[in-house]
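Morning, everyone. I have one structure to walk through today. Please look at it on the screen first.

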Amino acid sequence: MTIKLIASDMDGTFLTENDIYSQGRFERILDNLRTREIRFVAASGRQVKNLQELFLPTIDKGYEMDFVGSNGAMVATLQEQLYSVHLSFDQLQKVIDWNARNPESAENIIIMTGEEATYVSNHATGPVAEMVFQFYPNVKQVEKLMLVDDRILEVTFVWPNNEVQQHVAALREIFGAELHATGSGFGSVDVLGKGVDKATGLQVLQDYYDVLDDEVMTFGDNSNDLEMLKKYKNGFVMPNAEDFMLAAIPNKALNTNVNDGVLETIEMYLGI
């Protein structure tokens, strides 16, 4: 079956470090993909605006890309937004109330990702606050999160990396099917709308471009990638992923993220 769409997670998967990717190698691959009418999708926990800024040096050269941002809560091409799912006021209130009652959240920071901006408390300081300004565009510090006038795509908490999966499990047990909790790396735990994940975001692009599941290739390294790695038979987990991910996904990329594993695997698979 011909591949028509390739989607890759960013942090720990496509990017090496410090938001770096091998631009020349990637653009040579994009040239080849364009001749074969294959789309490339950046599928990330990051916002679409952040992804577009990240790839601006390549986009400015005329290359086309698509975006699944905020773990599937927003889907866009370079020209238009195709899809978004927002948390209701009541859902936001439940999540924030839970955080306030949770003893393990005493030192936590709440990040709310909206369509217009990213919001954190004006009491947020230190390394985590610095991380927010690095990875999120248009950050605004506010006094009361529930008074923010924006459509919220997801709420993010930050815990130590080794605690992420236990907090994800706890949130899933508490909120059941009403909301979707997932880990995104760097200690992030994201709470999204019901049924929102990268696989459902990719389905929007599949419908838009008329692409079948067997024509999709995906790459990821963390639990927020599980749905899109399991759904497609051409789903590849990075060798640098944690053990639970390596056990869950049989296909392994040919190299780690710091060694351009996504690009190397695409080149091998497509004979570039």
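Leave aside its neighbours within four places in sequence, and Val132 is in contact with Ile109, Ile111, Thr118, Val120 and Val139. Keep in mind that this is a predicted model. Val132 sits in helix H6, which covers residues 126–135. Buried or exposed, then, for Val132? Buried: its relative accessible area is 1%, and the cut-off for buried is under 20%. From the C-alpha of Val132 to that of Tyr119 is 9.4 Å, and the two residues are 13 apart along the chain.

Next, helix H11, residues 261–270. Why call H11 largely enclosed by the rest of the structure? Because 7 of its 10 residues are buried. Those are Gly261, Val262, Leu263, Thr265, Ile266, Glu267 and Leu270.

Last, a helix pair. Two packed helices are described by the angle between their axes and the distance between the axes. Here the pair is H5, residues 89–101, and H7, residues 164–175. Their axes come within 12 Å and cross at roughly 125°. That angle makes H5 oblique to H7. The crossing is right-handed. Which residues make the contact? From H5, Lys94, Val95 and Trp98; from H7, Leu171, Ile174 and Phe175. By class, that is 5 nonpolar residues, 1 charged and no polar.

Key:
Residues are numbered from 1 along each chain as its sequence is written. This is a predicted model: local features need pLDDT of at least 70, side-chain atom pairs count only at pLDDT 80 or more; totals for chains, interfaces and linings use all residues. Side-chain values use heavy atoms; hydrogens and water are left out. Helices (H or I, at least four residues) and strands (E, at least two) are DSSP runs, numbered from the N terminus. Buried means under 20% relative accessible area, exposed over 50%, partly exposed in between (1.4 Å probe, protein chains only). Contact means heavy atoms within 4.5 Å. Axes are lines fitted to C-alpha atoms, for helices over the stretch in contact, and angles run from 0 to 180 degrees between N-to-C directions. Angles under 35 degrees count as roughly parallel, over 145 as roughly antiparallel, 65 to 115 as roughly perpendicular and the rest as oblique. A crossing is left-handed if the near helix is turned anticlockwise from the far one by less than a right angle, and right-handed if clockwise. Ala, Val, Leu, Ile, Met, Phe, Trp, Tyr, Cys and Pro count as nonpolar, Asp, Glu, Lys and Arg as charged, and the others, Gly among them, as polar.
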